[in-house]
Amino acid sequence: MSVSIRVTHRQGDFLLDAAFEAPAGITVLFGRSGSGKTTLVNAVAGLLRPQAGRIAVGDRVLFDSAAGVFLPTHRRRLGYVFQEGRLFPHLSVRQNLLYGRWFAPKGARREELGRVAEMLGICALLERRPGDLSGGEKQRVAIGRALLASPGLILADEPLAALDEARKAEILPYFERLRAEVPILYVSHSAAEVARLATTVVVLEKGRVVRQGPAAEVLADPAVTPVGARAAGAILEAVVVRHHADGLSELQAGGHPLFLPRVGQAPGSRLRVRIAAHDVILSRGRPEGLSALNILPGMVHEVRGGEGPGAIVSVDTGAGRLLARVTRRSAEALGLGPGVACHAVIKSVAVAPEDVGGR
Amino acid sequence: MDWLGPAEWQAIILSLKVAFWATLVSLPFGIAVAHLLARRDFAGKALVNGLVHLPLILPPVVTGYLLLVTFGVRGPVGGLLQPLGIVFAFRWTGAALAAAVMGFPLMVRAIRLSFEAVDPKLEEAASTLGASRFWVFLTVTLPLILPGVLAGAVLAFAKALGEFGATITFVSNIPGQTQTLASAIYTFLQVPGGEGAALRLVAVSVVLAMGALLASELLARRVQKRVGGA
């Protein structure tokens, strides 16, 4: 089921004028704060009535300004996971989880409380009150509550932004599991989250869609750095080969071995690994006597200079397209340009655990 | 309790009846007006706010007189209601109306505060889960403001028990009909040898008022815990 969205809305000086299609899986609205991501999601939820446009989930039209259709929020059958959880403080966790079910149409596909609670690891919390939960627990309950409303679409507005790194790592796998169950529209300004979760990326800048497409493709484009070049990074698809005794895991990406700090997934699992652009070093010749374990031969695809002294170079390697952040001075010194052969060097320990996720 | 005479009992029971009905009937209006003032912006909001608080500031005799002029048998509203069998003048129902009007500002203030303590984002969350506005109010807003509603009701009840000026002006001081606690104390003080009875009723008034205040305090603390526990 795909979601089609076209919204035009002016708020003071800010003009939101965005249109895109979200296929199945997780579509991440990616952009810095103030780019209109939340406004867009609130329009889908019906919490905001756009001045013009059309929003449809599959063949259900939620909003169509031309036809005068505006379905009120409670009839849209969505699940909304808010940044702050927004659990009902006067209800137990179980009652929170079941809240949406009271209102779901009788014929709707019924999610089972037990299955959802188990998937989210909240079985032990059911009788507790939201006030007694940790931030990560609250957010898992919020995800469960949205899911149990049997929604046709889940909206998530920076659901991890209020959590610390450890709690983020705790929640991310649950979204990965949800990816297969229901379409998700996910707002984020974190490149790591996009790389980890996105099936499709929609890049928003100043209220406009500047780029959309499959995650690996969009993130490997050096022109797309909506939250700054520092956060640039490409995704490699890899398979776990074996775990070594020295704490490293050996993966394979496009036939090339890739050594990373021990990953949680079993041998044979398919993973997506985000390689941050600032962790990639480029070399014209094959480097010798280097401590880095991962050296991938490739060819420069594009060099894109930014405003500062830096440039982002995209390199096609056998493992996939990588981004490297180098200074413009080195790019010139090495004579990097489209078609030039080079080696991309990735330091193994540079890959953080939260940048490795299932797919 | 035979230390209270039949006339004293009559006044106490009448006061409780008047205060009970005054509170119960004004409660839905109190919730509605508090909601209006807490959540809506409309032209004339300051006027509505002023009208609600007027009985708190006006001399009670003035409020009583205005009630008499409006709801008396010849008044514009009283004259309309009389053919329907609804009479306020010189009846206990009139005492209840006076008590309700005098307690209304206190009730609205308490409920309004608890409305303002409810995060509208919770109500938004409920609507995304499929609850219509009616159900959002019933399942989210109302439970969260309930302690505040109870506190407001207790305050209004206590105020109604002690109401004197507006009541005696509007419905006079008829034993068994409109003679409430306060009017009874006043009457006993006017007759020689009535001090004993007056003092006993004073003691009862103090106990009832203190009990109501304590109850209201306790409920206020609960609303804090409940709404702040998110």
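## Overall build of chain A

Chain A of this predicted model holds eight helices and 21 strands, where helices (H or I, at least four residues) and strands (E, at least two) are DSSP runs numbered from the N terminus. The radius of gyration of chain A, taken over C-alpha atoms, is 22 Å, close to the 21 Å that the globule rule (2.2 Å times the number of residues to the power 0.38) gives for 359 residues, so chain A is as compact as a globular protein of that length. Along its principal axes, the C-alpha trace of chain A spans about 65 × 50 × 30 Å.

Of the 359 residues of chain A, 46% count as buried, a residue being buried if 20 or more other C-beta atoms lie within 10 Å of its own, exposed if 12 or fewer, and partly exposed in between, with C-beta atoms placed from the backbone. Two residues are in contact if their C-beta atoms, placed from the backbone, lie within 7 Å; among contacts in chain A between residues at least 6 apart in sequence, 67% join residues at least 24 apart.

## How the model is read

Residues are numbered from 1 along each chain as its sequence is written, while chains are lettered from A and ligands numbered from 1 in the order in which they are written. Because the model is predicted, local features need pLDDT of at least 70 and side-chain atom pairs count only at pLDDT 80 or more, whereas totals for chains, interfaces and linings use all residues.

Chain A is divided into domain 1 (3-219) and domain 2 (233-358), with bounds that come from an automatic or database domain assignment. The C-alpha centres of the two domains of chain A lie 32 Å apart, and their contact takes 12 residues from domain 1 and nine residues from domain 2. On the side of domain 1 that touches domain 2, helix 5, helix 6 and helix 7 (215-219) of chain A each supply at least two residues, and helix 5 gives the most, with five residues.

## Helix 5

The 14 residues of helix 5 (residues 165-178) of chain A should span 20 Å at 1.5 Å a residue, counted as 1.5 Å times one less than the number of residues, and the end C-alpha atoms are 20 Å apart, which agrees. Its buried residues are K168(A), I171(A), F175(A) and L178(A), and what covers them includes strand 3 (26-30), helix 4 (135-148) and strand 9 (184-188) of chain A.

## Contact with chain B

In the model, 22 residues of chain A are in contact with 18 residues of chain B.
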